[in-house]
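Here is a short note to read beside the model. Keep the structure open and follow the points in order.

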Amino acid sequence: MKMLHFKDFFWSSDLTCTGGYDVIIQYLNDGRRTCKEVEEFIRARASIEEKYAKELLGLSKKVCGHNEMNTLKRSLDIFKLQTEHVSLSHLQLAQSMREEAKKLEDFREKQKDTKKKVEQHMEVLHKHKSSQLKRTMESKRSYEQKCKDKEEAEQNVNRGSSSTKHMDKLCAKAQQAKVNAEEADRIYRQNVTLLAKIRDDWLKEHIQACEVFEKQAADRIGFVRNTIWTHLNLLSQQCVSADELNEEVRKSLEKCDIQEDMEHFVKLRRTGEKPPAPVLYENFYSGQRVPPPQLPPPLLRACPSPRQPDNRRDTVDSDMQDAGYSVVHF
């Protein structure tokens, strides 16, 4: 597919018209505004990451499982430590984002300076071209008027006069009109030639400006695209890093042993292996000591065990041989 270039599609039939050039400048200005908006977006995202990181860091300093012990205690400590590490990774992410935004800012300012130099040069050419065209058109009108005056004077001479003195005046006037017409022709030709040279110079500079602006536009699109790509890579890297830190917590939780923690608590905090002796009854008169009567153990109502599903049938039949067994419970 044939490439479309700025230098081929932004012309005008009017020599003084700068419509095509203005369209390109507006496109570049819009592109610069896009760079600014992307830059501000990334900076805002960096501020969010920084705020989140600081809140996480504060959270990691709070008490969590201070009175816990053994394997669960170690898991909670790792949990808090990794929370702190996640917060630091978000701080680093915010810093990296600001660095990318700064690169985009530097790129934007560099393009601005280059564009400004070209614009200033083209502005001078546009003014020079317009002023020379104006002089050329004025000299053309003067040349046409002088030619009309010359023709009129020659017609007066051709018509003649009965007075020799009047005839001499007509001839002198015709001669002067001829000189004036020739001078106006010379000035007109000179202005046309100068305008042609200015036009050629402007054409060359316009083409070069279009090439510079086209390169700027292409560079800007590529730079913004790469900036966003890098931004997303930073976010993906942060997710991977956070998951790695979370994996460390999961590994510590896998080592958390419930029975071991229970035994550790018993061994560390046990207060004795014998319960207190019963309080005896002492008779006031005889001094006899009688142990308290033994209460019968409480009757515990047996609960049926859960029914196990049987894929072969919907009902459950008993295969127990106990004659007193019944599937009906009271």
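1. Start with a term. Buried means under 20% relative accessible area. Keep in mind that this is a predicted model.

2. Now apply the term to Ser60. Its relative accessible area is 7%, so Ser60 is buried. This residue belongs to helix H2, which covers residues 19-60.

3. What lies 2.6 Å from a polar atom of the side chain of Ser60? The backbone oxygen of Leu57 does. Look also beyond the neighbours within four places in sequence: there, Ser60 is in contact with Lys80, Thr83 and Glu84.

4. How many cavities of 30 Å³ or more does the structure hold? There are 2. H2, helix H3 (70-159) and helix H4 (164-254) each give two or more residues to its lining.

5. Check the residues around the largest cavity. Its lining includes Leu28, Arg32, Arg108, Lys112 and Arg220. By type, the lining divides into 3 nonpolar, 3 polar and 5 charged residues.

6. Next comes the second largest cavity, with about 60 Å³ of space. Among its lining residues are Phe10, Trp11, Tyr21, His126, Trp202 and His206. H2 and H4 each supply at least two lining residues. Which element gives the most to this lining? H2 does, with 3 residues.

7. Finish with the types in the second lining. The second largest cavity is lined by 5 nonpolar and 6 polar residues, and no charged ones. For the largest cavity, the charged count is 5.

How values were computed. Residues numbered from 1 in each chain as written. Predicted model: local features only at pLDDT ≥ 70, side-chain atom pairs only at ≥ 80, totals over all residues. Heavy atoms only, no water. Helix = DSSP H or I, 4+ residues; strand = E, 2+ residues; numbered from the N terminus. Buried < 20%, exposed > 50% of the residue type's maximum accessible area, 1.4 Å probe, protein only. Polar contact = N/O pair within 3.5 Å; in protein donor to acceptor, adjacent residues only side chain to side chain. Contact = heavy atoms within 4.5 Å. 1 Å grid on protein atoms, 1.4 Å probe; cavity = no way out; pocket = protein on both sides within 12 Å on 5 of 7 lines; lining within 4 Å. Points joined across faces, edges and corners; volume = space filled by probe spheres on them. Nonpolar A, V, L, I, M, F, W, Y, C, P; charged D, E, K, R; others polar.
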